[in-house]
Structures are given as structure tokens and as C-alpha cells.
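Student: I would like to learn how to read the packing and the backbone of a model like this one. Please show me the structure and start with the general idea.

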Amino acid sequence: MKSFLPAPLEYILSYIWSCPLPVFIRIGAAISIASLLAAFIAQYVFHLLPCELCLLQRIPFAINIILGIAAYFIPQRSTFLATLMGVSFWTNSGIALFHSGVERKWWIWSSGCTTPDMSGP
């Protein structure tokens, strides 16, 4: 069966899918750590005040870090923990989509958002 993906992308995806599950968990935890670190730098270094949705978006990242640590200590549960990590990332994606809509004024949230106006021209 011929693949519809470009050769470099097909190679990258085949490499990713051949990785053992703990690698995915480590990558997920590392992404979560980097995301929280970026949020804290924006808040404390650049003095951007987070709104309720900004704070709500941090929760799934914290959960993923905890799941990554748990997978390290309980490797026999890594499949279950990776599934929970995926659910957490999808939940965060939903919150991020809603948050982006509030920032762009596509819909209204009770407290709004404290970021600068991003609605465009």
C-alpha cells in the first residue's frame, strides 16, 4: 500500500511509533514541564497576569508531570498512565481552544482574559 505522506514525514512517524512507551511518557512530561516553565516565566519575569483560563490550563500540565513521575516508579502501569496523559493533553487542548476564542473575542467568558487584545485588525 502506497503511503500518502512525504518520505521524511513517513520516516519520522515510523521512528516515533517504534519507540517504547516510556519514551512517549518522558516526552509528555518534558513538554508539560516546559509549558509550565514558560507560563511561570511569562507571569513572574514578564509580569503578565494570568486569567482564570490561564490558570486552568496549567492543571493538565501538572497532572502530566505527576503521571510521568508515577510511570517512572510504576513501569508496569505505563500503558494506563500514558492513556491518562493523552486524555489530559486532549483536555488541555479543549481548554486552549476555548481560551483562544475568549482572547480573540469569538465568545465571552465571565471574567474575560487579561492578555493583550489579539482579535486582529
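Tutor: A nonpolar core is a set of buried Ala, Val, Leu, Ile, Met, Phe, Trp, Tyr and Cys residues joined through side-chain atoms within 4.5 Å. Buried means under 20% relative accessible area, exposed over 50%, and partly exposed in between (1.4 Å probe, protein chains only). This is a predicted model, where local features need pLDDT of at least 70 and side-chain atom pairs count only at pLDDT 80 or more, while totals for chains, interfaces and linings use all residues. Residues are numbered from 1 along each chain as its sequence is written, and side-chain values use heavy atoms, with hydrogens and water left out.

Student: Which residues make up the largest nonpolar core?

Tutor: Six residues do: Ile25, Leu67, Ala71, Leu81, Ala82 and Met85. At least two residues of this core come from each of α3 and α4, and α4 gives the largest share, three residues. Helices are DSSP runs of H or I, at least four residues, numbered from the N terminus.

Student: What does isoleucine 25 touch?

Tutor: Contact means heavy atoms within 4.5 Å. Leaving out residues up to four places away in sequence, isoleucine 25 touches Gly68, Ala71, Ser78, Ala82 and Met85.

Student: Where is histidine 47 found, and is it buried or exposed?

Tutor: Histidine 47 lies in the loop between α2 (21-44) and α3 (52-73). Its phi is near 55°, a positive value in a residue other than glycine. Histidine 47 is exposed, at 62% relative accessible area.

Student: And where is lysine 105 found?

Tutor: Lysine 105 is in the segment after α4 (78-103). Phi of lysine 105 is near 60°, again positive in a non-glycine residue, and its relative accessibility of 59% counts as exposed.
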